[in-house]
Amino acid sequence: MCLRAMIGNPIDRGQMHLGETLSEPIEALRIVDDYYYYKAIEIIHDRCNHNRENRQNPLRTDAGGLLTGLIYCGECGERLTFNHCRKVVENSTGRHEYRWDVYRCFRKINYRGSCAGQSTYAAWKIEDVVLDVVRSFFDRIRRIPEASQLKAAMRREESTQAKALADAAAAVDKAAKAVAALEDQAIKALTGESQLDLGIINQLMPKQKAALEAAREEYQRVLMVNQAEEEMLEAKRLQARKMAEWGQLFEDAPLSQKQMILAEIIDRVEVRRGYQVTIKFKLTARQFLEPDADAAGDQKAS
Ligand SMILES: [Zn+2]
């Protein structure tokens, strides 16, 4: 059987049908970014050309399904629960027992009219789609050359920060020297060493002191901005390191660890009738794949 998941509904990337034509994506309506939109179509396409006879289901377990807690009915919004199904068939060739795992929409089962989705979905079908997308996600993280783009970006930001702080410090220094010079002139005027009029010096003094105060405040401001950016960079570094580690662990990890890793990178998986699967990654995961999304999504103080 060919899994013809109806992934790739243009509405997922925010396109509207206008009669026979499709609009350009409308960002406000988008629920999946183009990479995953097209990747999912590609995976489904590949899958249809594969022989599935030798399929095993290593994810069968009593400890819950791989996607327990993350998976929702896309039609009614209810969280799907993991269940085992069992069926015994007796015929001329004997007694056969079949077991399989499903994700079940209890709203559909309990209130028939309230959900347009299916009451159950074969677990392996959805899990395979999610696993393929997650694998390609980690592949992409690996392909970001050793997270070097991130490092380069960090170094750029760090050197910009250092320059801003040095400039602010230099401005404080300059203003302090101007005040000191003026004070020096005031003393010289008092002792008769200078011809400069003390009245003029006294007029200039408040202005110079205000300039020094302003320079000090600016220095404090830059310092705080730098600290905030440093903390953000540190958080990013930590995330990058974790993503890389998870990518290495994932394939051979036991189920419980796989569940944990998925919960860290995936916000939710939605399934609609006919196995339309939508995977929503967490922002912390997405930022490593979409440098632009980060810039657009983050409020930057500048
Ligand atoms: Zn439902």
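## Overview

Helices (H or I, at least four residues) and strands (E, at least two) are DSSP runs, numbered from the N terminus. By that reading, the protein chain has 8 helices and 8 strands. Please keep in mind that this is a predicted model, in which local features need pLDDT of at least 70 and side-chain atom pairs count only at pLDDT 80 or more, while totals for chains, interfaces and linings use all residues. Residue numbers start from 1 along each chain, following the sequence as written.

Of the 302 residues in the protein chain, 20% are buried; that label asks for 20 or more other C-beta atoms within 10 Å of the residue's own, whereas 12 or fewer makes it exposed and anything in between partly exposed, with C-beta atoms placed from the backbone. Contacts, for their part, are pairs of residues whose C-beta atoms, placed from the backbone, lie within 7 Å. Among the chain's contacts between residues at least 6 apart in sequence, 60% join residues at least 24 apart.

## How confident is the model?

The predictor's confidence in each residue, pLDDT, runs from 0 to 100. The protein chain averages 78, and 71% of the residues score at least 70. Among its elements, β3 has the highest mean pLDDT (95) and helix α8 (residues 291-297) the lowest (40).

Over residues 1-6 the pLDDT is below 50, and this stretch has 15 contacts in the model beyond near neighbours in sequence. The value also stays under 50 over residues 292-302, for which there are 5 contacts beyond four places in sequence. Where pLDDT is low, the predicted coordinates should not be read in detail.

## The β4-β5-β6 sheet

Two strands count as paired if DSSP finds at least two bridges between them. On that basis, β4, β5 and β6 form, in this order, an open sheet of 3 strands with antiparallel pairing. Both β4 and β6 stand at the edges with a single partner strand each, so one side of each is left without a neighbour in the sheet. From one strand to the next the twist averages 45 degrees; such angles are taken from 0 to 180 degrees between N-to-C directions, using axes that are lines fitted to C-alpha atoms, for helices over the stretch in contact.

Strands β4 (residues 81-91) and β5 (residues 94-104) are joined by 11 bridges and form a hairpin with 2 residues between them. Along this pair, Lys87 stands opposite Tyr98 in β5, and Arg86 has Arg99 as its bridge partner in β5.

## The β3-β7-β8 sheet

Another open sheet of 3 strands has the order β3-β7-β8, with mixed pairing. Here β3 (71-73) and β8 (276-281) are the edge strands, each with a single partner, so one side of each is left without a neighbour in the sheet. Neighbouring strands are turned by 25 degrees against each other on average, direction ignored.

Strand β7 (residues 266-272) runs antiparallel to β8, joined to it by 6 bridges, and Val271 stands opposite Val277 in β8. The loop between these two strands holds Tyr275, which has a positive phi of about 60 degrees although it is not a glycine. Most residues other than glycine have a negative phi. Tyr275 is partly exposed, with 18 other C-beta atoms within 10 Å.

## Helix α3 and Ala123

Helix α3 (residues 123-143) lies across β7 and β8, running at about 40 degrees to β8. Ala123 is part of α3. Is Ala123 buried or exposed? Ala123 is buried, because 26 other C-beta atoms lie within 10 Å. Leaving out residues up to four places away in sequence, Ala123 touches Gly65, Phe82, Asp101, Val102 and Tyr103. Ala123 and Leu67 are 56 residues apart in sequence, with 8.8 Å between their C-alpha atoms.

## Helices α5 and α6

Helix α5 (residues 198-250) packs against helix α6 (residues 255-265) at an angle of about 145 degrees, with the axes 11 Å apart. At this contact, Trp246, Leu249 and Phe250 in α5 meet Gln257, Lys258, Ile261 and Glu264 in α6. By class, that gives 4 nonpolar, 1 polar and 2 charged residues, where Ala, Val, Leu, Ile, Met, Phe, Trp, Tyr, Cys and Pro count as nonpolar, Asp, Glu, Lys and Arg as charged, and the others, Gly among them, as polar.

Conventions
Contact = placed C-beta atoms within 7 Å.
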